[in-house]
Amino acid sequence: MLSNQKLQNSLNEIKDICHMESALYSARGKLAAFTDGMNLPDEMEAVVVEFAESLAEKQVFQDNHLYKIMVDGEPELILVCKITEEQMIVCAQMAVCQIRNLVVSMAEQFDRNSFMQNILLGNMLVVDIYGKAKRHHIQEVPRVVFVIDTGSKNNDVALEMVKNLSDIRARDFVTCVDQHSVVLVKDVSNVKEDEMEERLQKIAESLSDNLHMEAMIRVRIGYGNVVTQLPEITESYQEARMALEVGRVFYAKYDTISYGKLGIGRLIYQLPMSLCEMFIKEVFGNKIPDILEDEEAMSTINKFFENNLNISETARQLYVHRNTLVYRLERIEKAIGLDIRTFDDAMTFRIAVMVIAHMKDQNYGAQ
């Protein structure tokens, strides 16, 4: 729960202030940290274990004074101080308080983190959520869940970096629930409703940019809808996960994706394979046109759709003559059996391409 390095740093700081040599043991007698000038006798481990099991609050062994660091009524650590002057006893007692506060603080932080992980995964009953939230002083405020997919690379680095971002507030939670993603539960109570979507997009983009620029980690970020109650955080988390999955299949060119902007992609992603296959056969027959693998043709089609089926504007952006584009569209019509210059056929083709992408993602090949 509390790293040995943090304990070592605390002992070193105490020595710098009080000039007192000291060491820290676990209640089972395992040495956790010690200052450079601390000479520990061979039998100290046995002495620590015996002291931890006794009812005494402190004990003297040779020149060493032993103190119990109690957490929830149980000895968590044993502080051993080399006392050479009487005033050092006060320093030792202050050291006990400092280390106990550090241990308790880290324990509370760990418990809060574990609490939020259980909410995200839906592992808690509603009555337990509110009971533990009150104990941890966690209030109900508008929150949004962001899932940062690191692709299993540098997940620990990404976690620490997100925790240290300037935009992270006291009521935010940064945690992990698996080995390839970081979860940010963001308090958005200070964001106006009419500015919410724009603000969430900026938060996602800022996370992506910071991780890429500072840690050289390419990430994809999905986020759910705003929720106001603690049990609903599970839903926002599931929405963020779905945004990542659907975005990976249908909107791969975007690094950030909102559940609220998945559109028809969310619907197609939930279709059973039998319906997908039936639809593709209705549109293309028994064989998917080869032109769907032609990058130039698909680039032309996508640009045509981006410009709302406007031939003149599309030709201008593609740097081709209008008649050249018309010829390309006619060739595409012959290949796919649809005239994408009309709204109905364009919509049918767009949906068909997304359905095929979904089938490929599910390793369900349409012939």
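Helices here are DSSP runs of H or I with at least four residues, strands are runs of E with at least two, and both are numbered from the N terminus. Welcome to a predicted model, in which local features need pLDDT of at least 70, side-chain atom pairs count only at pLDDT 80 or more, and totals for chains, interfaces and linings use all residues. Residues are numbered from 1 along each chain as its sequence is written, and side-chain values use heavy atoms, leaving out hydrogens and water.

**View 1. S236 in helix α7.** Let us start with a serine. S236 belongs to helix α7 and is buried, its relative accessible area being 0%. (Buried means under 20% relative accessible area, exposed over 50%, and partly exposed in between, using a 1.4 Å probe and protein chains only.) A polar atom of the S236 side chain sits 3.2 Å from the backbone nitrogen of V145. Setting aside residues up to four places away in sequence, S236 touches V144, V145, G224, N225 and V227; contact means heavy atoms within 4.5 Å.

View 2. As a rule, an α-helix has 3.6 residues a turn, so residues three or four places apart point the same way.

**View 3. Y67 in strand β4.** Now look at a tyrosine of strand β4. Y67 is buried, with 6% relative accessible area. From Y67 to F51 is 16 residues in sequence and 8.9 Å in space, C-alpha to C-alpha. Beyond its neighbours within four places in sequence, Y67 has contacts that include F51, L77, I89 and V96.

**View 4. The largest pocket.** What volume does the largest pocket hold? About 1000 Å³ of space lies there. (On a 1 Å grid over the protein atoms alone, a pocket is an open set of points with protein on both sides within 12 Å along at least five of seven lines, a cavity is a set where a 1.4 Å probe fits but cannot get out, and lining residues have an atom within 4 Å of a point. Grid points are joined across faces, edges and corners, and a volume is the space filled by probe spheres set on the points.) The pocket is lined by 33 residues, and F250, N302, R350, V353 and M354 lie nearest its centre. Helix α13 gives the most to this lining, with 11 residues.

**View 5. F305 in helix α10.** F305 is part of helix α10 and counts as buried at 13% relative accessibility. F305 and R350 are 45 residues apart in sequence and 8.8 Å apart in space, C-alpha to C-alpha. Leaving aside neighbours within four places in sequence, F305 contacts I340, A346, F349 and R350.

**View 6. The largest cavity.** A search of the whole structure finds 1 cavity of 30 Å³ or more. The largest cavity holds about 30 Å³ of space. Its lining consists of E296, A297, T300, R328, R331 and I332. The elements giving two or more residues to that lining are α10 (295-306) and α12 (322-336).

Methods: A polar contact is a pair of N or O atoms within 3.5 Å; within protein, one must be able to donate a hydrogen and the other to accept it, and residues adjacent in sequence count only if both atoms are side-chain atoms.
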